[in-house]
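Below are some notes on helix packing in this entry. Please read them alongside the sequence and the coordinates.

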Amino acid sequence: MKILVTGTAGFIGFHLAERLASRGDEVVGLDNINDYYDQRVKYGRLDFSGIDHNAVEYGSMVRSSKHDGYRFIKLDLEDKERIDELFSTEKFDAVCNLAAQAGVRYSLSNPEAYISSNIVGFMNLLEACRHNGVHNLCYASSSSVYGLNELQPFSVHHNVDHPVSLYAASKKTNELMAHTYSHLYGIATTGLRFFTVYGPWGRPDMALFLFTKAALEGRPIDVFNYGEMQRDFTYIDDIVEGVIRVIDNPAQPNPDWSGASPDPGSSSAPYRVYNIGNNQPVRLMDFISAIEKALGTTIEKNMLPIQPGDVPSTYADVSDLVRDFGYKPETPVQEGVDRFIAWYREFFNA
C-alpha cells in the first residue's frame, strides 16, 4: 500500500513508519517538527530512518537513504492548501494520523495549539480523504477520553462525555468528526485509544524519560498523587503491531448496531474505536522500581498531590481488539523499561 503517516518525527509515528517501510509499503511521512519538546530527539528519529534532517525544508519531499519506499515532508496539518496538494499528487491508499499536539498539562497553558493541530488539522485530513478517494483512515485517540469515568477496565462501549483536559476533549472531538465522515462519505475510520505508550525513542515529556534523566543526573523526581497512580503502560512495539493490523483491516459497519441502543464503539457506518493497552495496570511506584532496577540505583522522590487534568488510574479493556484482530499487547514492563534505558544511555551517551 501507499500510506501517509503523519507525525513521523514523533514517537509512535517514527516506529510505525519504520515498520511499514521495512515490510515494503510505500510510506510518506509528514511532521511539522515543532518545538514542544527537545528537537534533537525528533531529528534523531528522522536520521535513524534515513531522512537527512539537514535536507528537510518546509514543503519539500526528502527521500530516505535507508528505505527505498520512504519519503518525508515537513508540513503543518493546518496548511490546508499544501495538504490538499499532497493528497492530489500522491493518491494514497490509506492514511494513519498520529500527528497531534500532545500532552495533558500543556493543554492547560496553551489551549489554542490543540484546536489548531488536533481539530483544524484533523478536519483538513478528513476533507482531503473525502475529495481524493481515500477510504481507509486510522487515527490516534487517547485513553484520556475516559475522563471522569470510574468504571474499569475502560471499555470502548462506555460513555466518554466527561473529559478533564482540553487534550482529551480534542481527541473525543476527533472521534465524533471521524464518525460523521464515515456516515456521510463511507470513509472507513478507526480511532485508537492508546494507553501510556513507552519505549526507545520515547517522548521527553513522559514519565519514563523524565525519571531516567533525573536519576542519571542525580536529581529527585516528582511523584504525583503521592505515588497512588496506576497506568496501563504499553510498550511501543505492541502499539505499532496493533496499528498495523488496523491499517490492514479497515473498519466495517456493525450489522447489529441499533440507534435505539447505540453502541459508542461502533456504528452502522464503517467506524470503529479500539483500546490498545497492556490490560495490566501498574502502580507508579512499581514502574519507578523497574527504572531503579534497570539503572542499578535508588531515585530520590518528591511526593506531591495529583495534578489538574490527570486521572488516578487507567486500565484498558482490549477484548474488542482480541476479538477482531486476534491480538493483545503483552510486553512485560521490566523488559520494556530495560530496552528504553539501553536506548537512552546510547543516544545521550549517559
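1. Axes are lines fitted to C-alpha atoms, for helices over the stretch in contact, and angles run from 0 to 180 degrees between N-to-C directions. Helices (H or I, at least four residues) and strands (E, at least two) are DSSP runs, numbered from the N terminus. The model is predicted, so local features need pLDDT of at least 70 and side-chain atom pairs count only at pLDDT 80 or more, while totals for chains, interfaces and linings use all residues. Residues are numbered from 1 along each chain as its sequence is written, and side-chain values use heavy atoms, with hydrogens and water left out.

2. Helix H1 (residues 11–22) and helix H8 (residues 236–248) have axes that come within 10 Å and cross at roughly 60°. H1 is therefore oblique to H8 (under 35 degrees is roughly parallel, over 145 roughly antiparallel, 65 to 115 roughly perpendicular, the rest oblique). The crossing is right-handed, meaning that the near helix is turned clockwise from the far one by less than a right angle.

3. On the H1 side, the contact (heavy atoms within 4.5 Å) involves Phe11, Ile12, His15, Leu16, Arg19 and Leu20. H8 contributes Ile236, Asp237, Ile239, Val240, Glu241, Val243, Ile244 and Ile247. By class, ten of the contact residues are nonpolar, one is polar and three are charged (Ala, Val, Leu, Ile, Met, Phe, Trp, Tyr, Cys and Pro count as nonpolar, Asp, Glu, Lys and Arg as charged, and the others, Gly among them, as polar).

4. Leu16 lies in H1 and counts as buried because its relative accessibility is 0% (buried is under 20% relative accessible area, exposed over 50%, partly exposed in between, with a 1.4 Å probe and protein chains only). Leu16 and Val240 are 224 residues apart in sequence, yet their C-alpha atoms are 5.7 Å apart. Beyond neighbours within four places in sequence, the contacts of Leu16 include Val5, Cys96 and Leu98.

5. The axes of helix H3 (residues 80–90) and helix H5 (residues 111–131) come within 10 Å and cross at roughly 35°, again in a right-handed crossing. Lys80, Ile83, Asp84 and Phe87 of H3 meet Asn124, Leu125, Glu127, Ala128 and Cys129 of H5. Five of these residues are nonpolar, one is polar and three are charged.

6. Gly186 follows H6, with a positive phi near 70°.
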